[in-house]
Amino acid sequence: MTQDELAKMVGARRETILAIENGKYYPSVKLAHEIAGALHATIDELFVFDE
Amino acid sequence: MKDNLKLVLLAAPLALLVGYSWAFAIPYYSEEDVLDRAPGPIILGTIWAVGITIASAIIVRRQYRTVRVGLPLNDERSKMIVVRAGYFSFLISIAWWILLNAIVISNTRTFGLPAREQASEALFGGLLALPVIFFLVWPYLAYVYRPDAG
């Protein structure tokens, strides 16, 4: 799946997906949930929060 | 709101701004020896008009491509950048306004105007500062928060 396709599926801009991938932006819970749904994964599997 | 309508609402004021910028710059071209008499307005006016035209073209082209491929014009990240740009430009413009008024009140610089006109110029200068600062801070923050920043 490309960034464009994922962006379309979750209603976000491609730059936002790129920023999330690069750790430059922390998405809202809603967007994180939508991305997880689009990728058939859980939020815990996608995002790792370092203490 | 449909993204096509949003694009029109973005492009229309930008086109107006480009038009106004050239409308201010062009009359100087017809004056003879204007570059010898008063080079400042024509040079600054032309730089401003060219800059606004190029910036507007880049913005509209990028947004048009975004709409064409079916992506939204705004999302939570782009809105966050706009909100932060508004916050910073508000603070900067308040500081600018206080500085401008302090200069006028203290009479350290008269701008060659009588007191009443000077006060109204300071008021106008303060009001004008907010959108001008906003349109400088916005692209700066877009650069700072660029997704591929190292």
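Start your tour by selecting Ile43(B), which sits in helix α3 of chain B; helices here are DSSP runs of H or I of at least four residues, strands are runs of E of at least two, and both are numbered from the N terminus. The model in your viewer is a predicted one, where local features need pLDDT of at least 70, side-chain atom pairs count only at pLDDT 80 or more, and totals for chains, interfaces and linings use all residues. Residues are numbered from 1 along each chain as its sequence is written, while chains are lettered from A and ligands numbered from 1 in the order in which they are written.

**Stop 1: around Ile43(B)**

Ile43(B) counts as partly exposed because it has 13 C-beta neighbours inside 10 Å. The scale behind that word, with C-beta atoms placed from the backbone, is: buried if 20 or more other C-beta atoms lie within 10 Å of the residue's own, exposed if 12 or fewer, and partly exposed in between.

**Stop 2: two helices of chain B**

Show α1(B) together with helix α3 (residues 39-68) of chain B; their axes are 9 Å apart and the packing angle is about 165°. Axes are lines fitted to C-alpha atoms, for helices over the stretch in contact, and the angles run from 0 to 180 degrees between N-to-C directions. That angle makes α1(B) roughly antiparallel to α3(B). The wording follows these cut-offs: under 35 degrees is roughly parallel, over 145 roughly antiparallel, 65 to 115 roughly perpendicular, and the rest oblique.

α1(B) passes α3(B) in a left-handed crossing; a crossing is left-handed if the near helix is turned anticlockwise from the far one by less than a right angle, and right-handed if clockwise. If you colour the contact by class, you will find 19 nonpolar, seven polar and one charged residues between α1(B) and α3(B). Ala, Val, Leu, Ile, Met, Phe, Trp, Tyr, Cys and Pro count as nonpolar, Asp, Glu, Lys and Arg as charged, and the others, Gly among them, as polar.

**Stop 3: two exposed residues of chain B**

Ala23(B) has its place in helix α1 (residues 3-29) of chain B. Ala23(B) counts as exposed, with 11 C-beta neighbours inside 10 Å.

Next, go to Phe124(B) in helix α5 (residues 115-144) of chain B. Phe124(B) is also classed as exposed, having 11 C-beta neighbours inside 10 Å. From Phe124(B) to Val8(B) it is 116 residues in sequence and 29 Å from C-alpha to C-alpha.

**Stop 4: chain A as a whole**

Switch to chain A, whose secondary structure comes to four helices and zero strands. The C-alpha trace of chain A spans about 30 × 20 × 20 Å along its principal axes. Its radius of gyration is 10 Å, which agrees with the value near 10 Å for a compact globule of 51 residues; the radius is taken over C-alpha atoms, and the globule rule is 2.2 Å times the number of residues to the power 0.38. Of the 51 residues in chain A, 24% are buried.

**Stop 5: α1(A) and its partners**

Select α1(A) and α2(A), which pack at about 110° with axes 8 Å apart. The two helices are therefore roughly perpendicular to each other. Gln3(A), Asp4(A), Leu6(A) and Ala7(A) of α1(A) meet Arg14(A), Ile17(A) and Leu18(A) of α2(A).

Then bring in helix α3 (residues 29-38) of chain A: its axis and that of α1(A) come within 9 Å and cross at roughly 120°. This makes α1(A) oblique to α3(A), and the crossing is right-handed. Leu6(A), Met9(A) and Val10(A) of α1(A) make the contact with Leu31(A), Glu34(A), Ile35(A) and Ala38(A) of α3(A).

**Stop 6**

What is the phi of His40(A)? It is positive, about 55°, although His40(A) is not a glycine. Most residues other than glycine have a negative phi. His40(A) lies in the loop between α3 and α4 (43-46) of chain A, and is exposed, with 7 other C-beta atoms within 10 Å.

**Last stop: where the chains meet**

Show both chains: 16 residues of chain A are in contact with 12 residues of chain B, contact meaning C-beta atoms, placed from the backbone, within 7 Å. On the chain A side, α1 (3-10) and α2 (14-21) each supply at least two residues. α2(A) gives the most, with five residues. By class, this side of chain A has six nonpolar, four polar and six charged residues.

Terms used
Two residues are in contact if their C-beta atoms, placed from the backbone, lie within 7 Å.
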